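Good morning, colleagues. Please bring up the entry on the screen so that we may go through it together.

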Amino acid sequence: MKFRFQRKYFSIPYVIFLSLFVLVPILLIIFYAFTDANGQPSIAAGAKFFSDVSNLNVILVSLFLAVQTTIICLIIGYPIAYFLANKNYNKNAVLIMLFIMPMWINFVLRTTATRDILFAIGINGGNLPYLATSIGMVYNYLPFVILPLYTTMLKLDRSQIEAAADLGANPFQVFIHSIFPQSLPGVISAITMTLVPVMSSYVISDALSEGNITLIGNFIYINFANNQWNNGSFMAFVLLILVIFSMFLTKDKAEESRGNLW
Amino acid sequence: MASEEVIISLNNVEKSFGDFFAVDHISLDIKKGQFVTILGPSGCGKTTTLRMIGGFELPTGGTILLNNSDITKLPPYKRPINTVFQRYALFPHLNVFDNVAFGLKLKKVPVVVTKANGEKVTKMKHYKMEQITEMVKKALKIVGLEELEDRDISTLSGGQQQRVAIARCIVNTPEILLLDEPLGALDLKMRKDMQIELKEMHKKLGITFIYVTHDQEEALTMSDVIVVMNHGVIQQVGTPEEIYNEPANAFVADFIGESNIYNAVMTKKKVVRFLGAEFKCVDDFAVDERVDVVVRPEDVILGKPKKGKVDGQIVSKVFKGVHYEYVIMIGKNELIAKSTENFAEGPVSIDVKPDGIHIMAKENLQNIFTNCEVLKNNNVELADGELEIDLTQLVKGSKVDEDGYLVAGNKKYDLTGAKLTLEIPLDKIDIYDDTESGQISGEIVSSLYIGDHYRIIVRSEDDEEFIVVTDYENNLGDQVRLDIKKEDIKIRLKGDIEDYEI
């Protein structure tokens with residue numbers, strides 16, 4: 001039969017890419033999580049994981065730190081995004097660049113610099129590991145919160161805000177009933193871009209807490225570095241479950257805000 | 001229904017953005033229960049006026065009184081005024097019911113409560129849910145949307161969204177309902193239906209309506225009172241009949257309905273001459289005064305040649321269903337006439353009854369510019385450009401020497417920096433399409449056809465207005481250059497010439 005080019009062949013590169021870099025790694029993780037060192041099916045890694053309280057502790061600390069970072073970033077980032085998007089306060093886009101610019105500097109370099117600055121003001125991994133990590137996380141993820149919020153704020157419908165005021169809402173009520181609901185897609189984007197990356201981050205906690213805080217990312221790294229592939233994979237598997245779970249929670253809202261991620 | 005009580009009163013209200021006056025010192029009283037329409041072309045300041053009443057814009061001067069109390073600086077949420085926005089501005093995250101209930105849920109009303117000891121006290125409380133439900137249902141019934149209360153806003157048609165926007169306002173029983181071109185986004189059929197419904201709603205509710213539109217037909221159909229605005233200034237306030245039959249000036253006459261406008265002279269008491277004939281009229285102006293005359297096409301009486309006041313030629317004839325529309329040339333002048341009678345193209349006679357002739361005082365017959373500064377080269381600065389002038393007009397028998405000084409006998413004057421008043425006749429300004437820097441140029445903001453010529457207003461960047469009379473039609477919004485010969489400019493010096501002697 002004669003070869004005929006069809007449009008669906010355009011998808012071949014994506015299929016190859018997705019299988020090699022997404023599907024195969026996930027299958028490998030699951031494979032290693034449920035086998036032993038000899039490649040025989042086993043739940044030893046899972047049993048070991050759940051028998052050790054410190055492992056659960058790692059997950060709880062990661063979760064707590066992720067939620068805390070997200071909330072602090074939103075509290076700081078929301079008003080900043082609001083004022084940056086308001087033409088009365090920000091006549092050009094220069095200010096928004098100032099907030100985004102840290103993202104252009106190498107991540108490791110940035111984190112090292114943060115550590116040195118914190119050290120200089122007396123906060124270091126030795127005396128206050130949790131505080132140091134928290135500050136580093138907020139600093140690093142703030143742009144990821146501001147940017148999606150800023151883009152939704154730019155699209156705020158002024159006439160809806162005026163309508164709310166017209167119908168008797170004072171400035172606070174206008175915020176609750178009109179501005180916040182309108183900015184919700186941006187908030188959802190901001191959460192998805194902060195929550196999971198913080199849980200699995202490795203460099204920040206490693207550098208800023210000087211190894212005193214172990215997050216999921218650190219745990220996986222340590223296990224893999226010690227050739228404990230099965231244990232590391234099981235933790236990666238747990239993280240995967242957490243990610244799927246959190247995506248399921250925000251699914252409805254994320255669908256509304258499709259295309260609003262950036 | 002309309003009482004004599006004034007509900008809202010604008011006193012000398014202005015709103016400027018930099019040097020530009022969007023609303024230029026307007027004063028207006030609106031009586032309780034009236035349906036008032038603010039009518040004007042886009043950019044005339046009508047929406048800005050409405051937004052100041054609603055509290056969304058603060059006036060830069062003047063006061064706004066509601067029931068005799070000053071609300072000029074009151075924020076929108078404290079005013080008993082609700083607005084139907086141009087694009088509805090419904091809340092997309094709420095359904096129809098919650099959109100309408102929005103204002104009610106925020107509102108607190110005084111409720112008498114009996115305490116345990118029997119004492120009665122008045123407390124401010126939110127409405128109960130049952131009360132809100134009842135009021136929302138009533139409002140939705142008024143706008144004819146009872147069945148749709150659970151629907152999502154995005155599933156509604158434009159007309160339905162419009163009704164929700166109206167219900168959302170009237171449910172709060174405001175003292176005044178503001179409507180900002182609410183029917184602009186609807187199609188023609190829908191718009192006609194909504195006009196009638198709005199009028200009925202107004203009758204039923206008894207709320208004062210302030211309606212903004214650029215559609216003169218809409219204004220004539222619905223209003224008790226029409227306020228015609230142009231360039232931020234109120235041109236005329238009156239009932240639809242008054243506005244149509246007795247336009248205050250040529251702008252109103254031209255904007256409201258079709259009209260023929262001519263230059264005319266009062267020849268005797270209550271006799272006016274235009275189109276080369278004398279007509280009796282009802283308006284009393286001074287004899288020999290030059291005036292503008294407006295004749296509505298339907299007031300023209302056509303007849304067999306020699307039967308009327310003046311004869312003309314029908315050059316075009318269009319059948320419009322109920323009537324014919326004729327274009328008639330009388331010498332150089334063009335006249336539009338509407339008649340149910342059928343005349344063949346060719347000679348015809350024309351007459352107008354006295355009450356069909358509306359006479360208006362001529363306005364702005366001169367271009368007068370004050371405070372124009374004389375530059376070093378003896379030109380004056382005007383409207384970002386330079387204009388050559390003839391300084392010798394200031395002193396009899398004088399001339400300008402080679403150094404640029406004005407010389408008269410043995411006296412010498414240096415007029416650099418002097419302030420002049422310039423007077424330029426309307427027909428001495430030429431219009432050109434090419435704009436060059438250093439020349440006077442501007443945008444055409446108004447063009448009025450007066451029988452056989454156009455009266456055009458050109459506004460320069462710095463807001464000077466030039467009135468120009470020309471034979472040719474020009475497009476609104478075009479950038480043009482103005483050329484004025486120096487001998488046509490009359491100049492007067494501000495102050496005493498002796499102050500400039502050297």
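This is a predicted model: local features need pLDDT of at least 70, side-chain atom pairs count only at pLDDT 80 or more; totals for chains, interfaces and linings use all residues.

Let us begin with chain A and chain B. On one side, 16 residues of chain A take part, and they are in contact with 18 residues of chain B. Together the two chains bury about 1500 Å² between them, and carbon and sulfur atoms give 63% of that area.

As to secondary structure, two helices of chain A, H7 (158–166) and H8 (171–200), each supply at least two residues of the side that touches chain B. H7(A) gives the most, with seven residues. Sorted by class, this side of chain A has seven nonpolar, seven polar and two charged residues.

I now turn to chain B itself. Its assignment has domain 1 (1–80 + 174–257), domain 2 (274–361) and domain 3 (366–500). I shall consider the pair formed by domain 1 and domain 2.

The C-alpha centres of these two domains of chain B lie 34 Å apart. Eleven residues of domain 1 are in contact with seven residues of domain 2. The area buried between the two domains is about 660 Å², with 45% of it on carbon and sulfur atoms. On the domain 1 side, Tyr244(B), Glu246(B) and Pro247(B) supply 52% of the area buried against domain 2, more than any other three residues.

How many salt bridges are counted between domain 1 and domain 2 of chain B? The count is zero. Polar contacts, however, number five residue pairs, both partners being at pLDDT 80 or more. Helices H7 (240–245) and H8 (250–255) of chain B are the elements that give two or more residues to the domain 1 side. The largest share, three residues, comes from H7(B). By class, the domain 1 side has seven nonpolar, three polar and one charged residues.

Thank you for your attention.

Note on methods: Residues are numbered from 1 along each chain as its sequence is written. Chains are lettered from A and ligands numbered from 1 in the order in which they are written. Side-chain values use heavy atoms; hydrogens and water are left out. Contact means heavy atoms within 4.5 Å. Buried area is the accessible area (1.4 Å probe) that two parts lose on being put together, summed over both. Helices (H or I, at least four residues) and strands (E, at least two) are DSSP runs, numbered from the N terminus. Ala, Val, Leu, Ile, Met, Phe, Trp, Tyr, Cys and Pro count as nonpolar, Asp, Glu, Lys and Arg as charged, and the others, Gly among them, as polar. Domain bounds come from an automatic or database domain assignment. A salt bridge is a side-chain nitrogen of Lys or Arg within 4 Å of a carboxyl oxygen of Asp or Glu. A polar contact is a pair of N or O atoms within 3.5 Å; within protein, one must be able to donate a hydrogen and the other to accept it, and residues adjacent in sequence count only if both atoms are side-chain atoms.
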